[in-house]
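Dear colleague,

Please find below the structure that I am handing over to you. I would be grateful if you would read the notes after it with the coordinates open.

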Amino acid sequence: MTLATPYLWVFFPILMAVLSGIFHKRELLSILLASLSSFALALLAAFFPEDLTLEIGPLVLEFNETMTILGRQLSVVYEIFPFIALIYGMTGLWALSSGFPNTPVTFRPISLVITALFTAAMGVEPFLYAALLIQTAVLASIPILSQPGKLSDKGVLRFLTLETLAMPLILLAGWLLSGVETLPTESPLIPQISVVLGLGFAIWLCVFPFHSWVPMVSRHSAPNVFAYLMFIAPTTILVFSLNFIDRYAFLRSLPNLEQTLRFFGTWMIVFGGLWAAFQDNLKRVFGFLVLLETGVSLLAISSFQNGGLNWMMMLIPARALGFWLVGFALTALENRNGELDLDAIKGVARRYPFLSSGVLIGLLSIAGLPLLASFPIKSILLSTTFAASTMLGTWSFIGNIGLFLSTLRILAAMITPDEEHLSEKWKIMEKPLEYVPILILTVILIILGLFPHVFLEWITATLTTFTQLQ
Amino acid sequence: MQSFSLAAFIVIVITAMVILIFRDWRINAIALAIQYLAAFVLVNLSWPITIAIIKLIVGWMATTAIGLTCLRQMSTEQTTESTSSLFFRGLSGVLMILIIFVLAPELQEKVFPSLDLLIVQGGLMLFGMALMQLGTNSEPYLVIISLLSLLSGFEIIQAGLERSTLLTGLLAIVNLGLALVGVYFITKNAEYEPEATTDEESPQ
């Protein structure tokens, strides 16, 4: 029996999403359907045989990497399986922890659909059609960002507007690029393509000045929903963007490509880090953290000729787990405490020490604190940037310091009791379902930080699909 | 055929101006429906009628979904606006029309040499007016109508550049998805009962 891999990683999750949606009122069943199917797909991608043949007893299933839809091809190739395993594994983890009252019930089915659409976007041919699949994923994300019972906030509308603007730009760039695998350096097409493509990706990745919706959306949406979206969307778009550098030699050899990417990367780190330091709301800090991380990824891509893509890929699992931890702890804390302003969280560490630690450890791990997951990669990345440009390296360092300062402000607020609770003693008010995941994740983040090459390097196998970037 | 296309282009300019100037959902829904008809005529210059009509059907479906939701959810009272705001939006629309007329020939010559100038002008007109609209309001149903107009403008140009069934299908999904998002926003806002004051915040 012969099947195509897209059936497994694109159509099957959509079917499971429909089932999970049908049973959305039976919370446990809905969670199990979404998370178990995601974990199963992640495990399958991680351990799929290279000859694409599955033998289950007498049943032999042979898989093709490609299927044809309406004259175009949809592929999920073996080389990209490590990345597929990661995104489905993380989707499962987010679905598993989606039982909080402040998380929309539609989050589980919609997150599965979004992951399936992003998987399809990675493998559609011509690959520029991915823009339409990404736009569909954006549309699907609206109900989980803008929840019923709340007034439509401007951030979500701005998000929708900007993402919709990016789609025509990428499709137009695709048309300009069609049939021109190579171009002479003096071709007038090169500046046209560079501007259209650059603008499209800048909007998609919320690069300044297209960032304004990020903190607005983070402020008003459930933190775990925001964490999921801000992991899956920029990460997949960044990996998708490598297609362009891989396929078009003239883009790889653009004279100022590395400097431009490095400049914007540094700018995003400084902007995200310094603004995070002055925020008075934890959810908005998370928003600026996302901007900072986009900057780190751009910085890594800017060194693509010196192994930067490996660092970008190795940062993805570390960032995913960090985002999950911050999202989980903030959602639980919001559920317990209500508001997440610095004034409102005074002394919460005395009542919810594990949730508070979860927020802080997650933030510090993403910021690159020694011993935690992102540190080994970020230290190499900052050193490389420093070697390439002392000024940009210094600014990147300052931006990261901003995030540390923000974390210190949050720590100070969490451990300082307000006047009403001055005599309150330290106690544990969390349930095991709240603190056990935080403890497990903390241990995992430390292990990743201690042995990055053992536990993070596997994902770099994804880069073998980009043959020109080896 | 040329005069028919010219008439379609003029209709596009008028409907885009109407959507930009007026805030009444009834006027905007009718203008959007007529705009889709004119866009269909321009798409038909590049595609056979059997495929081009998909754009019209999808556009009308999107307009109907938004129109019916507005009819159910929004106040039937006439909204009065000051003459100065109408005048300002009209003036900004005229400015955009002038910009498009100046830019379109050069853009057609340098970027889209294979396309008819009328197609480039029609597509850019919708795109530009929608951008202007997006910049001047944040009312959910107007944002969605502007985004539908913007996509319609893009589709007029895209139709001349590439013919693909999958692309047409995916764009239809995106258009209908946008309309559904519009319906979601309109319904949600109509059912919203304020518990606390919402803060107007700056992004930074």
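The notes that follow take up salt bridges, surface patches and a few individual residues in turn.

Please keep in mind throughout that this is a predicted model.

**Salt bridges**

Across all chains, a search of the whole structure returns 11 salt bridges.

A:Arg409 pairs with A:Asp280, and their closest N and O atoms are 2.7 Å apart. A:Arg409 belongs to helix α17 (residues 390–415) of chain A, while A:Asp280 sits in the loop between α11 (257–277) and α12 (282–302) of that chain, so the bridge ties together parts that are 129 residues apart in sequence. Both partners fall in the intermediate class of accessibility: A:Arg409 is partly exposed, with a relative accessible area of 32%, and A:Asp280 is partly exposed at 46%.

The next pair is A:Glu334 with A:Lys283, where the closest N and O atoms are 2.7 Å apart. Because A:Glu334 lies in helix α13 (residues 308–337) of chain A and A:Lys283 in helix α12 of chain A, this bridge ties together parts that are 51 residues apart in sequence. A:Glu334 is buried, with a relative accessible area of 18%. A:Lys283 is likewise buried, at 7%.

A:Glu293 and A:Lys378 also meet through their side chains in a salt bridge, at 2.7 Å from N to O. Here the link is between distant parts of the chain: A:Glu293 is in helix α12 of chain A and A:Lys378 in helix α16 (residues 375–388) of chain A, 85 residues apart. A:Glu293 counts as buried at 2% relative accessibility, and A:Lys378 is buried with a relative accessible area of 4%. The pair is part of a network, in which salt bridges with shared partners join A:Glu293, A:Arg319 and A:Lys378.

**Surface patches**

Which residues form the nonpolar patch on the surface? They are A:Leu371, A:Val443, A:Ile446, A:Ile447, A:Leu450, A:Phe451, A:Val454 and A:Phe455, and together they have about 700 Å² of accessible area. Two elements of chain A, α18 (432–450) and α19 (452–455), each give two or more residues to this patch. The most comes from α18(A), which gives four residues. A:Leu371, one of the patch residues, is found in the loop between α15 (353–367) and α16 of chain A. A:Leu371 has a relative accessible area of 52% and therefore counts as exposed, the cut-off being over 50%.

A patch of negative charge is also present on the surface, where A:Glu50, A:Asp51, A:Glu55, A:Glu62 and A:Glu79 gather. Among them, A:Glu55 lies in strand β2 (residues 53–56) of chain A. A:Glu55 is exposed, with a relative accessible area of 62%.

**Individual buried residues**

A:Thr136 is part of helix α5 (residues 130–145) of chain A. Its relative accessible area is 17%, and A:Thr136 is therefore buried, since the class covers values under 20%. Which residues does A:Thr136 touch, not counting residues up to four places away in sequence? The contacts are A:Leu117 in chain A, and B:Ile173 and B:Val174 in chain B.

A:Phe201 is located in helix α7 (residues 189–204) of chain A and is buried, with a relative accessible area of 11%. Not counting residues up to four places away in sequence, A:Phe201 touches A:Ile170, A:Ile237, A:Phe240, A:Ser241 and A:Phe244. A:Leu44 is 157 residues from A:Phe201 along the chain, and the two C-alpha atoms are separated by 31 Å.

In chain B, B:Val43 lies in helix α2 (residues 25–43). At 2% relative accessibility, B:Val43 counts as buried. Once its neighbours within four places in sequence are left aside, B:Val43 is in contact with B:Ala52, B:Lys55, B:Glu155, B:Ile156 and B:Ala159. B:Leu170 is 127 residues from B:Val43 in sequence, and the C-alpha atoms of the pair are 17 Å apart in space.

With kind regards

Terms used:
Residues are numbered from 1 along each chain as its sequence is written. Chains are lettered from A and ligands numbered from 1 in the order in which they are written. This is a predicted model: local features need pLDDT of at least 70, side-chain atom pairs count only at pLDDT 80 or more; totals for chains, interfaces and linings use all residues. Side-chain values use heavy atoms; hydrogens and water are left out. Patches are made of residues with over 30% relative accessible area and no salt bridge: like charges are joined within 9 Å, nonpolar side chains (Val, Leu, Ile, Met, Phe, Trp, Tyr) within 5 Å. Accessible areas come from the Shrake-Rupley method with a 1.4 Å probe; for residues, only the protein chains shown count as cover. A salt bridge is a side-chain nitrogen of Lys or Arg within 4 Å of a carboxyl oxygen of Asp or Glu. Lys and Arg count as positive and Asp and Glu as negative; His and the chain ends are not counted. The place of a charge is taken as NZ of Lys, CZ of Arg, CG of Asp or CD of Glu. Buried means under 20% relative accessible area, exposed over 50%, partly exposed in between (1.4 Å probe, protein chains only). Contact means heavy atoms within 4.5 Å.
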